[in-house]
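My notes follow in the order I looked things up.

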Amino acid sequence: MTEGLRERKKRKTRRHLSDVAIGLFVDRGFDQVTIAEIAAAAEVSVNTLYNYFAAKEDLVLPPEEASPQRLADIVRDRAPGESAAGAVLARLREELRGQDRRLGLTAGFGRVLEMMLAAPTLRARLEELGAQMTDALAEALAEEAGAAPGDPLPRAVAWQIGCLHSLVFAEVGRRVAAGERPEAIAGAVLELLDVTEALAGERLLTYAVREG
């Protein structure tokens, strides 16, 4: 569906507010910047800012980019003949090759990451988000497979996929902190994905193949 003018303006406003906030957070620290200061710097009212972002942490981790449903949505959207793990691997490779900002593969992200890791509430949000992604994926897999209550297999598969997903973000973060260029990071993490896939068991890689 084509994005309408109103939706496009709202998206641009959200990006502007987030960019302004992150700039202030990087310069001064997450906990040292108030919502009122962000609104003033972005030239909007505090109420307008809250209309776009319900919490201060959302300015750094917008729900549409850092969604608990990310893994479940990737798996739900997989093509016929594709497994759950295969769909996630394919999406991660696509995002790495495109140096997607969701993976932190943008110039200057090193300082943003440093700011995030220094803020206890953002660190907690990141940890919670990873657990929520795994939980949502486990529910989606169990529902699709018609698994009996208490069947551990969907949960085990979701946990392994979640660990793979976390590994990519951890490796990107480690290399960003070391000052590597986005294109070099993308290439190295693509190689890591190849190795990880080769080590994964067949049962994981062929679980939940979508029928044509």
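I began with the lining of the largest cavity. Helix α5 supplies the largest share, three residues. I noted that this is a predicted model.

Which elements give two or more residues to that lining? I found α5 (84-97), α8, α9 (182-199) and α10 (202-205). The residues I listed are A85, V88, L89, I161, L164, T196, E197, A200, L204 and L205. By class, I counted eight nonpolar, one polar and one charged. The space in the largest cavity is about 40 Å³. I searched the whole structure and got one cavity of 30 Å³ or more.

Next I turned to the largest pocket. I got a volume of about 980 Å³ for it. It has 35 lining residues, and L61, R102, M116, L126 and F169 are the closest to the centre. I sorted the lining into 18 nonpolar, eight polar and nine charged residues.

Which element gives the most to the pocket lining? I found that α8 does, with seven residues. At least two residues each come from α1 (5-28), α6 (109-118), α7 (120-145) and α8 (153-177).

Last, I checked confidence. The chain has a mean pLDDT of 94, and 99% of its residues reach 70 or more. Among the elements, I read the lowest mean, 92, for α6. The highest, 98, belongs to helix α2 (residues 35-42). I kept one caution in mind: where pLDDT is low, predicted coordinates should not be read in detail.

Technical notes:
Residues are numbered from 1 along each chain as its sequence is written. This is a predicted model: local features need pLDDT of at least 70, side-chain atom pairs count only at pLDDT 80 or more; totals for chains, interfaces and linings use all residues. Side-chain values use heavy atoms; hydrogens and water are left out. On a 1 Å grid over the protein atoms alone, a cavity is a set of points where a 1.4 Å probe fits but cannot get out, and a pocket is an open set with protein on both sides within 12 Å along at least five of seven lines; lining residues have an atom within 4 Å of a point. Grid points are joined across faces, edges and corners, and a volume is the space filled by probe spheres set on the points. Helices (H or I, at least four residues) and strands (E, at least two) are DSSP runs, numbered from the N terminus. Ala, Val, Leu, Ile, Met, Phe, Trp, Tyr, Cys and Pro count as nonpolar, Asp, Glu, Lys and Arg as charged, and the others, Gly among them, as polar. pLDDT is the predictor's confidence in each residue, from 0 to 100.
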